[in-house]
Amino acid sequence: MKKKVLSFMLVGVLAVGALAGCGSSKSGSKKSSKKSSKNITASEDEHTLSVYAWDKNFNIPALEAAEAAYQKKDPDFKLNIIEQSASSDVETAVTTAGSSKDYSALPDIVLFQDHYIQRYVHDYPDAWQNIDDANVDWTQFSQDKIGMSTINGKHYGFPVDNGTVIMAYRTDYLEQAGHSVDEMTGISWADFEKVAKDVKDKTGKYMMSMDHSGDDFPYMMLQAEGVSQFKDGKPQLTTEPKVAQVVDVIAQMAKDETILLANSWDEYTASIANDQVAGVFNGNWIIATMKQNKDASGKWAITTIPTLEGNGQQGYAANGGSSLYITAACKKADLAKDFLSYTFGGGDGAIETYDNALKNGGVISTYLPAVQGDTYQQADDFFGGAKVYATLMDYSSKVPAIEQNDFHYEARTDLGEAITNVINGTSTKDALKDAQEKLEFAMEDNSSK
């Protein structure tokens, strides 16, 4: 997922979300959610915790929802939300503290990207407090999400948002090409390509687009197959046959011009908002971008991901997201664990927390019982009145947990280059050999430091 975090709101009761839109905030938290000019770190007050987070329209409303829920247990509780401009600010803070081995400047809690945490726990193991003793039933969450923050058998993070992937289609464009959403459910990628050609011929639209400056397609397609880019800590770009199959699928669709390879994130999102595509394949946070095209309301539908075999097999994946981590600076670990367990961790305040996080910030949970909340059961007119959020919770429960690795983003870059090389005439075997060697070199170089 791009480092920018996208959010979305429910239509009707909720406003459509966007990267820099106006988010709701309760009066008691508005002041504390602004970034302080002072270096406010781990709080000394026995009822107060500090947290670094970004995105006032997405993550911060979720934290405010948790604060309000926990105040019913502890009326004196306060969450000092120190807003950061981006996730990279948090990564820089941890890197600075870890490099000096002085974690005192960190807050009690940090919001951290799921695909980055493994690297940071590896590089700065003393920066984090494990939470194995927290009062959490981890089986009640999407196991893919929990796998991101479980490192060497220890739990470190409390999940916040849900990156479950959607395969969304414009029903009107499919119909013009003689196809339907039902036909696309359980379809193979080979048959998907045939439909994509029909759509391009009949409507002039690309079937979908991807940000080729940060290719997430291979990861999502592989996860839908239950396959990782790594095995036992080592890359398997040349040894796992499905990696080559996925690269071939993407390269062929690019050659056929049934998918658009965008050169940047902005170009990618513009292709969706400006009605250039008949389908969208990404983490559900992309719905914010989809909803920018208000004329398309009621014309979209979601289903599961195509797979290599098809034959009714439905694919599930997740892309992006973040969790909350207790830092070494926290002197009130018991309070932090209780607060996070009670809210994001599935305690008595979880349903309220997650329902308001969805209502006010568009944050979908990976805590599966959260679907009981009223907001999850609301119909979304943009998707033809479907209960999209309840559906996404169902998808979340089916996402296969695959091996994660510190070098997720390096693998993404190397596979993206391999796709470009195949499109330009290099054999898939040679392109993946080059990608494998680059990834192995990066991993070996890091281990020698």
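Which residues form one aromatic cluster? The points below begin with that matter.

1. Trp138, Phe141, Phe158, Phe344, Tyr354 and Tyr367 make up one aromatic cluster. The structure is a predicted model, in which local features need pLDDT of at least 70, side-chain atom pairs count only at pLDDT 80 or more, and totals for chains, interfaces and linings use all residues. Residues are numbered from 1 along each chain as its sequence is written, and side-chain values use heavy atoms, with hydrogens and water left out.

2. A pair of aromatic rings is described by the distance of the centres and the angle of the planes. Rings of Phe, Tyr and Trp (its six-membered ring) pair if their centres lie within 6.5 Å; planes under 30 degrees apart count as stacked, over 60 as edge-to-face and the rest as tilted. By this rule there are 23 aromatic pairs. One of them joins Tyr70 and Tyr342 edge-to-face, at 5.5 Å centre to centre and 80° between the planes. Because Tyr70 belongs to helix α2 (residues 59-70) and Tyr342 to helix α13 (residues 333-342), this pair ties together parts that are 272 residues apart in sequence. Helices are DSSP runs (H or I, at least four residues), numbered from the N terminus. Both Tyr70 and Tyr342 are buried, a term that means under 20% relative accessible area (1.4 Å probe, protein chains only), with exposed over 50% and partly exposed in between.

3. Phe382 and Phe383 also form an edge-to-face pair, with 5.3 Å centre to centre and 70° between the planes. Phe382 has a relative accessible area of 3% and so is buried; Phe383, at 5%, likewise counts as buried.

4. Two charged side chains lie over rings, which requires NZ of Lys or CZ of Arg within 6 Å of the ring centre and within 35 degrees of the ring normal. The charged end of Arg119 sits over the ring of Phe407, 4.2 Å from its centre. Lys200 lies over the face of Tyr206, 4.4 Å from the ring centre.

5. Tyr409 is in helix α16 (residues 408-423). With a relative accessible area of 12%, Tyr409 is buried. Its C-alpha is 9.4 Å from that of Asp216, although Tyr409 and Asp216 are 193 residues apart in sequence.

6. Helix α8 (residues 189-203) packs with helix α10 (residues 241-255) at an angle of about 10°, the axes being 11 Å apart. Axes are lines fitted to C-alpha atoms over the stretch in contact, and angles run from 0 to 180 degrees between N-to-C directions. The two helices, α8 and α10, are therefore roughly parallel (angles under 35 degrees). Trp189, Phe192 and Glu193 in α8 meet Val249, Gln252 and Met253 in α10, contact meaning heavy atoms within 4.5 Å.

Conventions. Parallel < 35°, antiparallel > 145°, perpendicular 65-115°, else oblique.
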